[in-house]
Amino acid sequence: MSFSWMAWTLPTALFFLTILALIVAMGVWEYFSPGGNPRVGVLRFETTRGDRLFISLLGSAFIHLAWLGLVGPSLWWALALSLVYAVGVFRYV
Amino acid sequence: MNAQAKTRNLSWIVPTLYILFLLLPIYWLVNMSFKTNTEITATFTLIPQAPTLRNYQVIFTDPAWYSGYINSIIYVVLNTVISVTAALPAAYAFSRYRFLGDKHLFFWLLTNRMAPPAVFALPFFQLYSAFGLIDTHIAVAIAHCLFNVPLAVWILEGFMSGVPKEIDETAYIDGYSFPKFFVKIFMPLIASGIGVAAFFCFMFSWVELLIARTLTTTDAKPIAATMTRTVSASGMDWGVLAAAGVLTIIPGALVIWFVRNYIAKGFALGRV
Amino acid sequence: MNKTWNNKAWFMVLPVLVLVAFSAAIPLMTVVNYSVQDTFGNNQFFWAGTAWFEDVLESDRFWEALGRNLMFSGIILAIEIPLGILIALNMPKKGIGVPVCLVLMALPLLIPWNVVGTIWQVFGRVDIGLLGRGLAALGINYNYVNNVFDAWATLIVMDVWHWTSLVVLLCYAGLVSIPEAYYQAAKIDGASRWAVFRYIQLPKMKRVLLIAFLLRFMDSFMIYTEPFVVTGGGPGNSTTFLSIDLVKMAIGQFDLGPAAAMSIIYFLIILLLSWIFYTVMTSGDETA
């Protein structure tokens, strides 16, 4: 059984490790302070911090795609924009 | 009052027309399956003029045809058993307990139900090749779990939430262990839910083709895929194609008949 | 129901988690890996960066297929939802008619999807099909193989045939949950048929309608088998939906990189939709 067909690369491996680390971190955070700090934000429905992480990640994906389609291949700015967006989500949603 | 009586008298028209519309293409398929190929292509007849069973005979005597049915039924049944068995404890956990990340886990399960199979077709082939599972029934059965397990969990959770929690607590006080309680007391209570979940697993595994076709070549090829291949090879044998189509409708029709009293409930996923 | 906080419940979820993760996580990671690389076969891969994503986002092919998907979903929803409500309202409430209607209506749902395609392919053919022959006899020039409009019409009628029953059954399940007392009260008040629908039946069906709407939207958005069998994406590219294009690219042409990039964009769109679906449904749970 070989997994060479999965064609891992360093950037994609780092990407998935980051996601995994985020999920583990959320789990640990939730373990020590359960309940997920639910609140009703600007979107007018209740979110926990897990929901906020999901909204941040999904939104970032679309920000990257939009940047790629509209501006160009230099994604560092898209990443910066996503971080600003994520902070905004955690602060206000 | 008079007007109301009138509408009540007329209300049967809408479902009747709709059912006629549903049955018309099926009627045409059945009609064709009893015709010879010359009658199909040369003339236009609403009922077979020289009814023949030749088309069905072709299917039941040629292993390339009937093994397709056997393959389909094997992996559909395997998938139904695996899906429901795995979903039962999970649905119980979701309906009775809160735990770390439960809501997000539930959402993640559902997203797999909604993912387009086309996205998974290629990596599935690679993945199951790596495990040496290509062209086996179990490969298709496991692959179909991707969308059937979340569905089964969702349906069962709905039914289980309808069972009062006091029943669990009473059983534990009476000295039942968890497995014994689950099998002896709890499962009979949600028997209809298990039936509905099994029905939906059967249904979605039976109708799916893209993944089943990707993962099989000959030994486990589903009937639906056999149909497309054999027809193009033998140069449009319309009669046999129609007969094969009719035979794929029959298992579904039988299953619906058995669960007819739960269908409406199941379609609402026990959550209305 | 009050649920107990118990992290041991994770052990009960574990089998499901392993089973689904095997079929979901590994393929998904593989797709991501493919999307940033180029390959000429033999498991040899070359770093391509975001080139495939740029290609897909710039290609007319992708946007046109996406547009076709949205148009198709829009049309079938505009037909299936009102039609489904109309039929559900007129369903018999008791007696032998109920199981007969339910069984007959559920029938198309249990036909393998490619057989649905085959049925309509045969049914619509000008030379041997009842529909094709019938329309020709009426003097209508109909041919789904050459004519774009006819191909679309066939696919839409086929989808209505295939899936309206789902809407009917969901609405029906919502309707039977209305207590008889509501109708009696409405009768005493002298409410019109429309008022009964607007103020009793529609509110009760709201949640099932939402489920029906979103299920139909998402399923039609990833439609593959039926149009593949009936039209094969043609005439030209006029009925090539995202799924069809994707499979053509990945398995037909073996263009792993672009196909993977397209898969990911497609998947992200679906993920966004599912999330909206789930959020709307569960927030309805809490207020109800």
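**Chains and contacts**

Tutor: Let's start where chain B meets chain C: 100 residues of chain B are in contact with 93 residues of chain C. Keep in mind that this is a predicted model.

Student: How much area is buried between chain B and chain C?

Tutor: About 8,900 Å² is buried between the two, and carbon and sulfur atoms give 80% of that area.

Student: And how many salt bridges are there between chain B and chain C?

Tutor: Zero salt bridges are counted between chain B and chain C.

Student: OK, what about chain B with chain A: how many residues are in contact there?

Tutor: On the chain B side there are eight residues, in contact with 11 residues of chain A. Of the area that chain B buries against chain A, 56% is supplied by Leu100(B), His104(B) and Ala130(B), which is more than any other three residues supply.

Student: Nice. What area do chain B and chain A bury between them?

Tutor: They bury about 720 Å², with 79% of it on carbon and sulfur atoms. The salt bridge count between chain B and chain A is zero.

Student: Switching to chain B by itself. How many helices and strands does chain B have?

Tutor: Chain B has 15 helices and one strand. Its 272 residues include 57% that count as buried.

Student: Which domains is chain B divided into?

Tutor: There are two listed: domain 1 covers 1–25 and domain 2 covers 63–267. Taken over C-alpha atoms, the centres of domain 1 and domain 2 of chain B are 35 Å apart.

Student: What share of the contacts in chain B with a separation of 6 or more comes from residues 24 or more positions apart?

Tutor: That share is 74% in chain B. As for surface, chain B exposes about 10,900 Å², and 70% of it is supplied by carbon and sulfur atoms.

Student: Now chain C. What are the helix and strand counts there?

Tutor: Chain C has 12 helices and three strands. Of its 288 residues, 58% are buried.

Student: What box do the C-alpha atoms of chain C fill?

Tutor: Along the principal axes, the box is roughly 75 × 70 × 30 Å. The accessible surface of chain C is about 11,900 Å², and carbon and sulfur atoms account for 66% of that.

Student: And the contacts in chain C with a separation of 6 or more: what share is from residues 24 or more positions apart?

Tutor: For chain C, such residues account for 66% of those contacts.

Student: Let's zoom in on chain A. Which residues form the nonpolar patch on the surface?

Tutor: The patch is formed by Leu10(A), Leu14(A), Leu17(A), Leu20(A), Val24(A), Val28(A), Tyr31(A) and Phe32(A), with about 890 Å² of accessible area together. One of them, Leu14(A), lies in helix H1 of chain A, which covers residues 10–32.

Student: Why does Leu14(A) count as partly exposed?

Tutor: Because its relative accessibility is 48%, and partly exposed runs between the 20% limit for buried and the 50% limit for exposed.

Student: What about Ser56(A): buried or exposed?

Tutor: Ser56(A) is buried, because its relative accessible area is 5%, and buried means under 20%. Ser56(A) sits in helix H2 of chain A, residues 49–70.

Student: Which residues does Ser56(A) touch, not counting those up to four places away in sequence?

Tutor: With those neighbours left out, Ser56(A) touches Tyr85(A), Ala86(A), Val89(A) and Phe90(A).

Methods
Residues numbered from 1 in each chain as written. Chains lettered and ligands numbered in written order. Predicted model: local features only at pLDDT ≥ 70, side-chain atom pairs only at ≥ 80, totals over all residues. Heavy atoms only, no water. Domains from an automatic or database assignment. Patch = residues over 30% accessible without salt bridge, like charges linked within 9 Å, V, L, I, M, F, W, Y side chains within 5 Å. Areas by Shrake-Rupley, 256 points an atom, 1.4 Å probe, with all protein chains shown as cover. Salt bridge = Lys/Arg side-chain N within 4 Å of Asp/Glu carboxyl O. Helix = DSSP H or I, 4+ residues; strand = E, 2+ residues; numbered from the N terminus. Buried < 20%, exposed > 50% of the residue type's maximum accessible area, 1.4 Å probe, protein only. Contact = heavy atoms within 4.5 Å. Buried area = accessible area lost by both parts, 1.4 Å probe.
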